[in-house]
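Visitor: I would like to learn how to read the packing of a protein model. Could you walk me through it, one feature at a time?

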Amino acid sequence: EDVQGSSEYKWVIDPIDGSRPAKCGCPLWCVNIAAAPYKENATLADVQWSLMKSANGHEIYAEKGKGIVQSNAKRNPNDHKPSATTTLEDASLILEVGGNEQTLAGLIYAPLIAKTWSRGVFVVSSSSWSLSQMIAGKIDGYVHIAKRIYEEFPEQRKKILNESGGKLKGLFPYDIAPWLLAGKEAGLTITDTHGNDLSSMKLTEITPENQRCVIAASTAQLHQTLVEKINERITIIKKRKRHVIKLL
């Protein structure tokens, strides 16, 4: 907790990012810690250090401008080398569905699933675990669109909130801060679904306005394809809204 005038750093800690897998006994979760020099209205751009510790004990420690500076997984010299995948057909993806209107999310994701099923497409409820796999070169892309669906389909907001306990569940700063630094230091391309940088996100604000959606990819080429496909699909579905609503 920050006390104005007496704190040297701002700390953002998520003890379990991936509570749903953890409750099921699946080791697909991370402990997240990020730190920034203290100042009011700090943003993700101010984060200087981050630590991600997976359920299996794998740790990734990053320092701004210095890359992935420490890991307890030293057996593989390429442990923090993202893949060089540039095409959707050759990509493996993790698609987040938590917090979404599920049918809409499925319709938006459908072309991605069709293109990547043979290589591997997965649903995992932990952005940190997903990004840790991208940093390790095991997964090529990650997409989370809950906030975007909430923005683009206002007629579904009541349903979305009712199904998620009355609160929008996009990505919070404590979700994003550790892996945004580590991912960028490892060479990933990470933005929101419009292609905008996430660095201006406020570090300690958890309002709906400060939540984000995310597209992350191992290469700039794959990232651009994912951004284009998501936006094309949203545009098509909005044009066919009357037909889509019958499915919801």
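**Reading the core**

Guide: Gladly! In this predicted model, the largest nonpolar core has 33 residues. Those with the most contacts inside it are Leu131, Tyr142, Ile176, Trp179, Ile190, Leu203 and Val214.

Visitor: Which helices and strands each supply at least two residues of this core?

Guide: Helices H3 (127-135) and H6 (173-186) do, along with strands S2 (30-37), S4 (59-63) and S10 (214-217). H6 gives the largest share, seven residues.

Visitor: What does Leu131 touch, leaving aside residues up to four places away in sequence?

Guide: Its partners are Tyr142, Trp179, Leu188, Ile190 and Ala216. There is also a second, separate core of 24 residues, and Leu88, Val143, Ile145 and Leu226 are among them.

Visitor: Why is H3 described as largely enclosed by the rest of the structure?

Guide: A residue counts as buried when its relative accessible area is under 20%. Nine of the nine residues of H3 are buried, so the helix is largely enclosed by the rest of the structure. The buried set includes Trp129, Leu131, Met134 and Ile135, and also Ser127, Ser128, Ser130, Ser132 and Gln133. After H3 comes Gly137, with a positive phi near 80°.

Visitor: And how many helices and strands are there in the protein chain?

Guide: The chain has eight helices and ten strands. Of its 248 residues, 48% count as buried. Take contacts between residues at least 6 apart in sequence: 69% of these join residues at least 24 apart. As for the surface, the chain exposes about 12000 Å², with carbon and sulfur atoms supplying 51% of it.

Methods: Residues numbered from 1 in each chain as written. Predicted model: local features only at pLDDT ≥ 70, side-chain atom pairs only at ≥ 80, totals over all residues. Heavy atoms only, no water. Core = buried A, V, L, I, M, F, W, Y, C linked by side-chain atoms within 4.5 Å. Buried < 20%, exposed > 50% of the residue type's maximum accessible area, 1.4 Å probe, protein only. Helix = DSSP H or I, 4+ residues; strand = E, 2+ residues; numbered from the N terminus. Contact = heavy atoms within 4.5 Å. Areas by Shrake-Rupley, 256 points an atom, 1.4 Å probe, with all protein chains shown as cover.
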